[in-house]
Amino acid sequence: MKKRQFVDHVRVFARAGDGGNGVVHFRREKYIPKGGPDGGDGGHGGNVIIKAANDTDNLTHLFFNSRLIAKSGEHGQGCDRKGRSANDLIIRVPQGTLVYEANDDGVSIDEIKSKVAPIADLTENSEEFILAKAGKGGKGNVHFKSPVNQAPQEHTLGTNGEGGYFYLELRQIADAGFVGFPNAGKSSLLGALSAAKPKIANYPFTTLQPSIGVIEFNSLVRATIADIPGLIEGAQENIGLGHSFLRHIMRCELLLF
């Protein structure tokens with residue numbers, strides 16, 4: 001069986017939809033050759049929203065599809081018909097996902113984290129954050145009618161949706177985390193305590209990605225344990241793959257050495 005790639009940080013581009021334009025239009029029917037203004041409003045664009053979900057555990061889907069583009073709203077029409085608004089683009093991410101602004105091209109996530117704080121931290125299931133806000137629809141000429149301006153030519157254009165680059169970083173959420181040297185038995189213990197099935201072998205660095213196991217005490221009480229790849233000396237200085245793995249035990253309430 002082909003092993004699924006594990007991605008826990010990714011750079012994405014998000015672009016919300018533009019608002020549709022309002023239109024200039026006048027009522028023209030067989031028996032009403034000179035009707036009043038009836039230009040409709042434009043529809044709103046779609047937001048780009050990320051939503052924490054407890055049924056996903058990594059950011060691999062965004063590694064292969066990193067451009068998040070929402071649709072724009074439709075333009076207004078005659079007969080005071082409003083353009084259709086676009087649906088929001090909702091992207092599911094794991095609980096424990098942090099969001100950083102990353103508009104400087106070529107800057108690593110570690111450099112960004114050293115300069116700015118995250119703009120969002122999605123820790124609860126179904127928690128949402130708007131990455132890019134949609135543009136609003138413009139107004140049709142029906143709004144500009146007055147006793148002294150009965151044939152208005154005025155209308156407004158829809159506003160542009162927001163856009164920009166962002167870094168998403170996953171920090172796994174678990175009650176306890178295993179910390180130890182490579183080949184110390186962490187994965188074996190996780191497999192014995194929970195239903196998790198981590199790869200186990202008699203050589204170092206068998207575990208190459210975080211694994212979460214769940215221990216069911218009864219129908220109401222359970223605990224989650226994070227098994228991360230073994231740490232080597234200097235991991236805090238990012239020797240080896242230190243930072244890539246340390247982020248997954250930062251949120252644990254308890255560390256088991």
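The following questions and answers go through a predicted model of one protein.

Student: How many helices and strands does the protein have?
Tutor: The model is predicted, and its elements are numbered from the N terminus. The count for the protein is 4 helices and 12 strands.

Student: What share of the 257 residues counts as buried?
Tutor: A residue is buried if its relative accessible area is under 20%. Of the 257 residues in the protein, the share that counts as buried is 42%.

Student: Among contacts between residues at least 6 apart in sequence, what percentage joins residues at least 24 apart?
Tutor: Contact here means heavy atoms within 4.5 Å. For residues at least 6 apart in sequence, the part of the contacts that joins residues at least 24 apart is 73%.

Student: The search of the whole structure finds 2 aromatic pairs. What kind of pair do Phe 13 and Tyr 165 form?
Tutor: The ring centres of Phe 13 and Tyr 165 are 5.0 Å apart, and the planes stand at 55°. Planes under 30 degrees apart count as stacked and those over 60 as edge-to-face, with the rest in a third class. At 55°, the pair of Phe 13 and Tyr 165 is therefore tilted.

Student: How many residues apart in sequence are the parts that this pair ties together?
Tutor: Phe 13 belongs to strand β1 (residues 9-15), while Tyr 165 belongs to strand β8 (residues 163-170).

Student: Which residue lies over the face of Tyr 165?
Tutor: The distance from the ring centre of Tyr 165 is 4.1 Å. The residue over that face is Arg 11.

Student: What kind of pair do Phe 63 and Phe 64 form?
Tutor: Phe 63 is partly exposed at 45%, and Phe 64 is exposed at 60%. Their ring centres are 5.1 Å apart and the planes stand at 90°. Since that angle is over 60 degrees, the pair of Phe 63 and Phe 64 is edge-to-face.

Student: Which side chain makes a polar contact with the side chain of His 143?
Tutor: His 143 lies in the loop between β7 (128-132) and β8, and is partly exposed at 43%. Its C-alpha is 8.9 Å from that of Gly 40, although His 143 and Gly 40 are 103 residues apart in sequence. The polar contact of the His 143 side chain, at 2.8 Å, is with the side chain of Asp 41.

Student: Which residue has a backbone oxygen that the side chain of Thr 97 reaches?
Tutor: Thr 97 is in strand β5 (residues 97-101) and is buried, with a relative accessible area of 0%. The residues that Thr 97 touches include Leu 59, Ala 120 and Leu 168. At 2.7 Å, the Thr 97 side chain reaches the backbone oxygen of Pro 94.

Student: Within what arc do the buried residues of helix α3 fall?
Tutor: In α3 (residues 186-193), Lys 186, Ser 187 and Leu 190 are buried. Seen down the helix axis, the buried residues of α3 line one face, because their arc is limited. They pack against β9 (176-178), β10 (211-216) and β11 (222-227). The arc within which the buried residues of α3 fall is 95°.

Student: At what distance are the side chains of Asp 8 and His 9 joined?
Tutor: Asp 8 is found in the segment before β1, and is buried at a relative accessible area of 9%. The polar contact that joins the side chains of Asp 8 and His 9 is 3.0 Å.

Student: Near what value is phi of Cys 79?
Tutor: Cys 79 lies in the loop between β3 (67-69) and β4 (89-94), and is exposed at 54%. Phi of Cys 79 is positive in a residue other than glycine, with a value near 60°.

Key
Residues numbered from 1 in each chain as written. Predicted model: local features only at pLDDT ≥ 70, side-chain atom pairs only at ≥ 80, totals over all residues. Heavy atoms only, no water. Helix = DSSP H or I, 4+ residues; strand = E, 2+ residues; numbered from the N terminus. Buried < 20%, exposed > 50% of the residue type's maximum accessible area, 1.4 Å probe, protein only. Phe/Tyr/Trp six-rings, centres within 6.5 Å; stacked < 30°, edge-to-face > 60°. Lys NZ or Arg CZ within 6 Å of the ring centre and 35° of its normal. Polar contact = N/O pair within 3.5 Å; in protein donor to acceptor, adjacent residues only side chain to side chain. Arc of directions from axis to C-beta. Lists of a residue's contacts leave out its neighbours within four places in sequence.
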